[in-house]
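The points are grouped by topic.

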Amino acid sequence: MFKKIFMITLLSFSLHSFSANAGDAEKGKKVFKKCAACHNVAAGAAHKTGPNLWGIIGAKAGVQDGYKYSDWLKGSGIEWNDEAMTAWVSKKKAKTAYFGKDVKKSKMIFAGLRKPDQITNLIAYLKTLK
Ligand code: HEC
């Protein structure tokens, strides 16, 4: 009995972490509504309050043409991989832990996403924009 429960727990845990790792781009598109007030994502679309995010995963930070970044972001040397993007859209504590306290000099004002699944799905969606 105990063994059976253990196996089921183990199985559902690994299934869960698998789907969390892969991310669901459709769900991520919905999460992106929180970003859409400030960011366009279509190729060649205008910058809004924030820069256009088409092709952002894998790109260097602060290099989109025609957008006036904060000095902090421009000089940050960040590359937008999964890890950096996760920290960027997280709550303040995790964001500061990853980028250092000077991250507050960035121009992006965003409260941060609370749920890890939301972030994984959002990144899966951003990866489709290329
Ligand atoms: C209230 C407006 C606002 C919201 C909401 C917002 N952003 Fe931003 N974002 C900005 C601004 C402004 C910048 C430029 C930051 C700077 O120059 O320091 C920025 C910069 C960025 C960058 C860096 C781009 C580059 O070229 O280096 C990324 C990535 C990003 N935002 C992702 C997101 C995501 C994902 C969301 C939603 C979870 C989001 N932002 C929500 C305003 C916003």
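Apart from residues up to four places away in sequence, Gly50 is in contact with Cys38, His39 and Met108. The model is a predicted one, and Gly50 sits in the loop between α3 and α4. Two of the residues that Gly50 touches, Cys38 and Met108, also belong with Gly50 to the group that comes nearest to the ligand.

- Gly50 counts as partly exposed because it has 18 C-beta neighbours inside 10 Å, which falls between the limit of 12 or fewer for exposed residues and that of 20 or more for buried ones.
- Gly50 and Asn40 are 10 residues apart along the chain, and their C-alpha atoms are separated by 8.2 Å.
- There are 25 residues around the ligand, and those that come nearest are Cys35, Cys38, Gly50, Ser70 and Met108.
- Two elements, α3 (33-36) and α4 (71-74), each give two or more residues to this shell.
- The composition of the shell by class is 16 nonpolar, 7 polar and 2 charged residues.

**Overall architecture**

- The protein contains 7 helices and 0 strands, and its elements run α-α-α-α-α-α-α from the N terminus on.
- Of the 130 residues in the protein, 15% are buried.
- Among contacts with a separation of 6 or more, 51% are between residues 24 or more positions apart.

- The largest nonpolar core is made up of 11 residues: Val31, Leu53, Ile56, Trp88, Val89, Ile119, Leu122, Ile123, Ala124, Tyr125 and Leu126.
- Helix α7 (residues 116-127) supplies the largest share of this core, with 6 residues.
- In soluble globular proteins, nonpolar side chains tend to be buried together.
- The buried residues of α7 are Ile119, Thr120, Asn121, Leu122, Ile123, Ala124, Tyr125 and Leu126.
- From its first C-alpha to its last, α7 reaches 17 Å over 12 residues, close to the 16 Å expected at 1.5 Å a residue.
- Val31, a member of the core, is in contact with Gln118, Asn121 and Leu122 when its neighbours within four places in sequence are left aside.

- Gly28 lies in helix α2 and is buried because 21 C-beta neighbours fall inside 10 Å.
- The C-alpha atoms of Gly28 and Asn121 are separated by 4.2 Å, although the two residues are 93 residues apart along the chain.
- Between Ala25 and Asn121, which are 96 residues apart along the chain, the C-alpha separation is 5.5 Å.
- Not counting residues up to four places away in sequence, Ala25 touches Ala124, Tyr125 and Thr128.

- Ala111 is placed in the loop between α6 (92-99) and α7.
- Ala111 is exposed because it has 9 other C-beta atoms within 10 Å.
- Ala111 and Lys92 are 7.3 Å apart in space, C-alpha to C-alpha, and 19 residues apart in sequence.

Conventions
Residues are numbered from 1 along each chain as its sequence is written. This is a predicted model: local features need pLDDT of at least 70, side-chain atom pairs count only at pLDDT 80 or more; totals for chains, interfaces and linings use all residues. A residue is near a molecule or strand if its C-beta atom, placed from the backbone, lies within 6 Å of it. Helices (H or I, at least four residues) and strands (E, at least two) are DSSP runs, numbered from the N terminus. Ala, Val, Leu, Ile, Met, Phe, Trp, Tyr, Cys and Pro count as nonpolar, Asp, Glu, Lys and Arg as charged, and the others, Gly among them, as polar. A nonpolar core is a set of buried Ala, Val, Leu, Ile, Met, Phe, Trp, Tyr and Cys residues joined through C-beta atoms within 7 Å. Two residues are in contact if their C-beta atoms, placed from the backbone, lie within 7 Å. The expected span of a helix is 1.5 Å times one less than its number of residues.
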